[in-house]
Amino acid sequence: MGTRSMIAIQNPYSKDVRAVYCHWDGYLEHNGAILQKHYSASPKVNNLIALGDLSSLGKQIGEQHPFSPHGSKEDEALYEHAKDMGYCTFYTRDRGEDAPFKIFKSLKEAETYFEGSWCEYLYVFKYKASDDYQTGEWHFKRPGDRWKKLAPAIAKLKKEECAE
């Protein structure tokens, strides 16, 4: 069973939010830790969101690869290589589905959508200043909870329990 999450970025000027769904491993020890460690710069976050909904988040956006290991021996080898490399698996890029990112007019609108979804975590990359399109920080919430900064929450976890 998947721990579903939404991963988003908020534009510092327009305040709109672009968000994707991620089916697997949305909890702090996995997706939270990966976002904090490997997606701390806005260009990488924007590139992640641009590819649409995910089956699984990896430490690298990576390259197109088979969606599952079922198929030919070549597909199986390519799938295993992508897994070993820590590539993300996208519904559009890797399975050919139409699953683009969603655009919300505000963070409140994104939260309302999240609260009505099956997602258990909402992660949002917010810029630290409206004139800085590089530096930001991750925040997260669970349904019905308040926003929290991701870095201190990850710091409280045991390192061996977190994805690299």
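## Pockets, rings and a buried glycine

Gly2 sits in the segment before β1 (5–10). Keep in mind as you browse that this is a predicted model.

**Around Gly2**

- With a relative accessibility of 5%, Gly2 falls under the 20% cut-off and therefore counts as buried.
- Beyond its neighbours within four places in sequence, Gly2 touches His23, Trp24 and Glu120.
- Cys22 is 20 residues away from Gly2 along the chain, and their C-alpha atoms are 9.1 Å apart.

**The largest pocket**

- This pocket has a volume of about 400 Å³.
- Its lining is made of 19 residues, and those nearest the centre are Ser56, Leu57, Gly58, Lys83 and Tyr87.
- At least two lining residues come from each of α1 (28–38), β3 (54–56) and α3 (73–85), with α3 giving the largest share, 3 residues.
- Sorted by class, the lining holds 8 polar, 7 nonpolar and 4 charged residues.

**The second largest pocket**

- Here the space comes to about 170 Å³.
- The residues that line the second largest pocket are Ala33, Gln36, Lys37, Ile154, Ala155, Leu157, Lys158, Lys159, Cys162, Ala163 and Glu164.
- Both α1 and α6 (150–155) supply at least two residues of this lining, and the largest share, 3 residues, belongs to α1.
- In this lining, 6 residues are nonpolar, 4 are charged and 1 is polar.

**Aromatic rings**

- The whole structure contains 6 aromatic pairs.
- One of them joins Phe67 and Tyr91 in a tilted arrangement, with 5.5 Å between centres and 35° between the planes.
- That pair links distant parts of the chain, 24 residues apart: Phe67 is in the loop between β3 and α3, while Tyr91 is in helix α4 (residues 91–95).
- Tyr91 is buried, at 12% relative accessible area.
- Phe125 and Tyr127 pair edge-to-face, their centres 5.7 Å apart and their planes at 85°.
- Phe125 is buried with a relative accessible area of 0%, and Tyr127 is buried too, at 13%.
- Tyr121, Tyr123 and Phe140 come together in one aromatic cluster.

**Charges over rings**

- Phe67 turns up again here, with Arg95 over the face of its ring, 4.2 Å from the ring centre.
- Lys44 places its charged end over the ring of Tyr39, at 4.6 Å from the centre.

Note on methods:
Residues numbered from 1 in each chain as written. Predicted model: local features only at pLDDT ≥ 70, side-chain atom pairs only at ≥ 80, totals over all residues. Heavy atoms only, no water. 1 Å grid on protein atoms, 1.4 Å probe; cavity = no way out; pocket = protein on both sides within 12 Å on 5 of 7 lines; lining within 4 Å. Points joined across faces, edges and corners; volume = space filled by probe spheres on them. Helix = DSSP H or I, 4+ residues; strand = E, 2+ residues; numbered from the N terminus. Nonpolar A, V, L, I, M, F, W, Y, C, P; charged D, E, K, R; others polar. Buried < 20%, exposed > 50% of the residue type's maximum accessible area, 1.4 Å probe, protein only. Contact = heavy atoms within 4.5 Å. Phe/Tyr/Trp six-rings, centres within 6.5 Å; stacked < 30°, edge-to-face > 60°. Lys NZ or Arg CZ within 6 Å of the ring centre and 35° of its normal.
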